[in-house]
Amino acid sequence: MRIVIAGGHGQIALRLERLLAARGDEVAGIIRKAEQADDLRQAGAEPVVLDLESASVEEVAEQLRGADAAVFAAGAGPGSGVARKDTVDKAAAVLFADAAVRAGVRRFVIVSSMGADPRHQGDEIFDVYLRAKGEADAYVRGLDALDWTILRPGQLTDDAGTGLVRLEARTGRGPIPRDDVAAVLAELVDTPATAGLTLELISGSVPVSVAVKSVAGN
């Protein structure tokens, strides 16, 4: 498969790129800064320098043409202000989805956040973030031209992955290593029967491949 990942230098994306490249997939990662390119090459991915905050739909679609799947794993990051929650966490996700439709890429996986909700109340930066992610998710759900899956991980950690997870429509809150998020994403990309599902993810007791198979088609 050829898979294009938005936010290609993110902590989850770099892990995902290594997994996909190791299993023989062709991977491209969209990055904002040229100096990030070597990190992607080391992960086995082809770097594509393109700023999703200023690119046009057509520019992004050009990078997606011929891909079998698209993964949105970009984020403004914890140090960013309110404005970039809107321009990255919401607008860039919408742009990437529209570009996938234009490029004819049906399989689309978006990394969201547990608690994402367009109607989330509050004025703190994290509240704005949860609204932005919720609005992006709602937009993607409305695109009939995409076979979308929305993944909402719990509290992200840098602990070593265990390969054991809980993946359900509702899991309740809990931690999840980024290693395991990447492993689940790699399985989801390859499992189109999970299209149309919004899934929460935390650490658990079920092997990743079994967890994905068990939700597929539900």
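**Exercise 1.** Work out where helix 4 bends and by how much, then check its length against its residue count.

*Solution.* This is a predicted model, so treat what follows as computed geometry.
- Next, the length. Helix 4 covers residues 82–103, and at 1.5 Å a residue its 22 residues should span 32 Å. The end C-alpha atoms sit 30 Å apart, which agrees.
- Finally, look just past the end of helix 4: Gly-104 has a positive phi of about 80°.

**Exercise 2.** Find which residues of helix 4 are buried and what covers them.

*Solution.* 
- The buried set includes Lys-85, Asp-89, Leu-95, Phe-96 and Ala-100.
- Their cover includes strand 1 (2–6), strand 2 (26–31), helix 3 (57–64), strand 4 (69–72), strand 5 (107–111) and helix 5 (125–141).

**Exercise 3.** Decide whether Asp-137 is buried or exposed, and list its contacts beyond four places in sequence.

*Solution.* 
- Locate Asp-137 first: it belongs to helix 5.
- Its relative accessibility is 1%, so Asp-137 counts as buried; the cut-off is under 20%.
- Leaving aside neighbours within four places, Asp-137 contacts Ile-110, Ser-112, Ala-116, Ile-150 and Arg-152.

**Exercise 4.** Pick out the members of the largest nonpolar core that touch the most other members.

*Solution.* 
- This core has 36 residues, and the picks are Ile-5, Leu-151, Leu-167 and Val-184.
- Helix 6 (residues 178–189) supplies the largest share, seven residues.
- A second, separate core holds 34 residues, including Leu-64, Leu-95, Ala-100 and Ile-150.
- Back to Leu-167: beyond four places in sequence, its contacts include Leu-151, Val-184, Leu-199 and Val-215.

Terms used: Residues numbered from 1 in each chain as written. Predicted model: local features only at pLDDT ≥ 70, side-chain atom pairs only at ≥ 80, totals over all residues. Heavy atoms only, no water. Helix = DSSP H or I, 4+ residues; strand = E, 2+ residues; numbered from the N terminus. Expected span 1.5 Å × (residues − 1). Bend = angle between axes of the 7 residues up to and from the residue. Buried < 20%, exposed > 50% of the residue type's maximum accessible area, 1.4 Å probe, protein only. Contact = heavy atoms within 4.5 Å. Core = buried A, V, L, I, M, F, W, Y, C linked by side-chain atoms within 4.5 Å.
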